[in-house]
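This report describes selected features of a multi-chain model. The sections below go through overall dimensions, a chain contact, a helix pair and some record annotations.

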Amino acid sequence: MLSQQILNGLVSGSVYALFSLGFTLIFGVQKLLNFAHGATFMAGAFIAYYCTISGLPFLLAIGFSMLATGLIAILIDLIAFRTLRNRGNAEFPALVSSIGVDLILVSIAQQVSKTQVLNFPFGTFPIKFYDLFGLRISLLQIVILAVVAVLVAALIFYLRKTTFGRQVRAVATNERAAALLGVNAQSVYLQTFFIAGALAGLAGVLIGLLFNSIQFLMGEPYMLRAFVVVVIGGLGSVQGAIVASLLLGVTQSLAVAYLPSGLTDAIIFGLLFLVLLVRPNGLFGDINAVAGGTRQ
Amino acid sequence: MIQFYYAYQPIIDFFLLSVGFGYSQQIALRAGVFSIATAGFAALGSYCVAILATKTGVPIFLTVILGTALAAAVGGLLALPLARLRGAFQAIATLAFVQIILSLLLYGEGFTGGALGIVGIPREVNTWILLIVVGLTMYVMWNIGRSGMGRVFNALRQEESVASSLGVNIGKYHIIAFIISGAVGGLFGGLQSLYTFQIEPHNYGFAFIVNVLTVVILGGRTTLLGPIMGALIMAILPEIARPLAEYRQAVNGVILILVITFLPNGVGDEIVFWFRRRKQARQQQHRASEKEARDAVS
Amino acid sequence: MKFKTLMLSATSAAAVTLAGVAAHAEDYKVVILQSLTGGAAFIGKNVADGAVLAAEELNEKGFFGEGNQMVFSVEDDATDRTQTLSLITRLAADEDVLMVMGPTSGSVAMAGANVANEREFPVMTTTNSMEVVENGPWSFIMTQPASITMPFIADYTAETLGLERCAIIGVKDNEAYVALQRMYESLITEAGVEIVSQDGVALADSDFSALATKIATSDQDCVFIGTPAAQGANIILQLKQAGLDPSTPILGHNAFASPTFIEKGGAAVEDVYLIGAWVPGGDDDFSSAFAESFEAKMGFPADEWNAMGYSGMQVVAHAVRDAAEAGNLTRDGVRQALGEQKDIPVVVGTHTYSYDEERVPYFGMKVLQVKDGAFTVAPE
């Protein structure tokens, strides 16, 4: 059972990674907490659901949903962040306005779904199980692990090796210096928001599919998890977020399996507190973010 | 007037409670701490009062004082680790604090009643008591604002590095701000449980955090009038916008975005600032006309 | 909103025509105050829909006597305690309103009960919490407390099925579900069933992979799941996917008695046992007629809460008529009449609804089982 639980944890953790990457990317580049990231994730699941039931092939529905959540994230930047950012000292105001966006998106989803729990129709994805060294693993779990691995690798490649990636890192380190070197910061912001939104949307679809449940409040627990991930991994650190997500997934699985039920949340957030105390910059340091997180 | 009070009494009472929570949230923001811990303080205060009032013979008056003291003490303790953090990390840490409190309230079933919460709390609080406590809180806040401490808070909020270069012990003032925030949050949490008969962890969740934030952001983060204006608008809004009831959360969201973007000081603060500016302008005008008069004579 | 104005205009149009006919026509004003939106909307909205249909039918067939009618309106508290308090306070100030059918459940119902007793204004809350009854003589409950419903499924577990070792999964963050789960646990423990594990999930959870693996790899001969319908169906799906022995009986309480349960669970929820007050489609003349007219009006089949709302309104209507006939058409008269209702024909449970001396409602329950994707009465 232990190894089975670790597998469960790794699958959940890999989706946390997908979700947290966008969140930490936005923080790395802008030093702003995007509280509407959870709602973007939820929107991804909703859009793919309504596309699927209106007859769109599932893969197309996923693609459309990622595109749409990417655009939603750009909209979030334009509506909630841009004016504040230009005024400077936006850390707290941006948190507030992104909470505002979160409320709007969640409220719309609540109306659209009439507060019902939705799920992808049976047969959207074939349910098959394999026996792997005594582990019970589903086709969906394998696909999710593979998709997340490929996307994470692609994102790291994008950030490290391409011109765009270098611009992103330049803006993250020092926006003014980057601007002097001819980097268009606004376009970098739009790109990071788009990527973050699309990844969150995909995470929403995968979670909705994996756990047969799509509902307007689904973003909230993942948003709270993302806070844990980015604090443990180091706000703004891509590698840290991945390791921390997997760690969180496994910890959670094991906590459910072996510890008194109901204490999981207290343990996880207690852990977060502890890490903040001992290593305010996260266990894995922070690669792009400026220590302490104040905007330069 | 009596008729009006009779029909709208609960709204008036909830307005007074949210003004109280607003001051708890405001004092932290005022000192430049990005805290959203008020929900946690309120939960501590209300559970302390509810447990003591239903399970022990402690006089009601004393339970409120104990609840206030407990939340203040926890606030002070919380400030110690928070002092090492900045900005976004403070927000995350205080959110984690609220989550820990909530999950312990759910878990400690024997003591806190778990999800069932605590029922049968005597209703000892009415509009007049709330009015008096809000008045006293305002008086305390007013004194803090006028004192040196208020000026230090303002300096911390505006530019921490400047404050520290002037030799201000930032940590100490953050701890003081948190103790006050905890005390006020705990106090009104306690009053709330003596008003609503029953409490459950759910009452202090995300919705509470958002409501308190909205009150202070909408009203204003520095003046006494801020939370009053914020709470007033939030109390009246659902009444005049009944057709929008289903979209109340969305309306809340739109307000947050619009106010923080276009009226960053909040309605209450803007009103106070406008009066201050007018007063200043008048004084200047006065001085100018006096000068003119003197010039004319000489 | 649209719905509400429609209702009002329909009734007022009727009032105008009736006024010409009968000079002494009386209007009995009742307000259906439920949580049409917000967290409890899945109960409140459905109860209101059922109650409105009942009130319309009763008016149409002249239940209240020549020219008399019930004038009703529907109000929404958005599952928000503040709004409940202010709405009931305001309704209490309107002397024409005889009583409120509502508010819905949880803290909203409790808050409603408090104001109602303070203002001496009868309310019939949808909840099953005895605390509402104990709060004072003016607050009633519409659904049966756990002490009445849960023995049906607990007895079925211990006696009919003869199970011995049960795993329990409950909701940890909703008081109504916790209360039902506790009741079930104490009843089966008394009957000699061992509880091998207890787990709590949050209402917003959907990742049950760890929990499902844990239970699928443990040893028990029964799994009891006390969650809302959609979540329960999902837990069962994940349990089966994690490899739970398909022959292990799975049981739940009345929350599962909703079309959602079968729709979300599909083949996975086949054979699950549950209790319900409502057998979908109806199980006697009255309930079948209700099922038919409800679907004709709304366009979708009635669920448990629709049937409860319809039944509750029958009881309210009888109470109002009794008070009127006794010549005591006051709030106090309606309150007394409501508490004395006995054997009112309803569409739920064993088809009659009564309040006992302690004002505890009784209308019975049925143990149901999912067979071929539909609820059927479980084998005795």
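## Dimensions of chain C

Chain C has 380 residues, for which a compact globule would have a radius of gyration near 21 Å; the value for chain C is 21 Å, so the two agree. The model is predicted. The C-alpha trace of chain C spans about 75 × 40 × 35 Å along its principal axes.

In secondary structure, chain C contains 13 helices and 15 strands. Of its 380 residues, 60% are buried. Among contacts in chain C between residues at least 6 apart in sequence, those joining residues at least 24 apart make up 67%.

## Contact between chains A and B

How many residues does each chain bring to the contact? Chain A contributes 39 residues and chain B contributes 35 residues. On the side of chain A that touches chain B, at least two residues each come from helix 3 (58–87), helix 4 (91–113), helix 9 (219–233) and helix 11.

Which helix of chain A gives the most to this side? That is helix 4, with 15 residues. Sorted by class, the side of chain A that touches chain B consists of 26 nonpolar, ten polar and three charged residues.

## Helices 10 and 11 of chain A

Two packed helices are described by the angle between their axes and the distance between the axes. In chain A, the axes of helix 10 (residues 238–258) and helix 11 (residues 264–278) come within 10 Å and cross at roughly 145°. The crossing of helix 10 of chain A with helix 11 of chain A is right-handed.

On the helix 10 side, the contact is made by Gln252(A), Ala255(A) and Val256(A), and on the helix 11 side by Thr264(A), Ile267(A) and Ile268(A). By class, this contact of helix 10 with helix 11 of chain A has four nonpolar residues, two polar residues and no charged residues. Helix 11 of chain A also supplies at least two residues of the side of chain A that touches chain B.

## Annotated regions of chain B

An unreviewed UniProt entry lists residues 6–24, 31–54, 60–80, 127–144, 175–195, 201–219 and 253–275 of chain B under "transmembrane region".

Over residues 127–144 of chain B, the chain is 100% helix and 0% strand, with the end C-alpha atoms 26 Å apart. Over residues 253–275 of chain B, the figures are 83% helix and 0% strand, and the end C-alpha atoms are 29 Å apart.

Key
Residues are numbered from 1 along each chain as its sequence is written. Chains are lettered from A and ligands numbered from 1 in the order in which they are written. This is a predicted model: local features need pLDDT of at least 70, side-chain atom pairs count only at pLDDT 80 or more; totals for chains, interfaces and linings use all residues. Axes are lines fitted to C-alpha atoms, for helices over the stretch in contact, and angles run from 0 to 180 degrees between N-to-C directions. Helices (H or I, at least four residues) and strands (E, at least two) are DSSP runs, numbered from the N terminus. A crossing is left-handed if the near helix is turned anticlockwise from the far one by less than a right angle, and right-handed if clockwise. Two residues are in contact if their C-beta atoms, placed from the backbone, lie within 7 Å. Ala, Val, Leu, Ile, Met, Phe, Trp, Tyr, Cys and Pro count as nonpolar, Asp, Glu, Lys and Arg as charged, and the others, Gly among them, as polar. UniProt positions are given in the numbering used here, feature names are shortened, and annotations may be inferred rather than shown by experiment. The radius of gyration is taken over C-alpha atoms; the globule rule is 2.2 Å times the number of residues to the power 0.38. A residue is buried if 20 or more other C-beta atoms lie within 10 Å of its own, exposed if 12 or fewer, and partly exposed in between; C-beta atoms are placed from the backbone.
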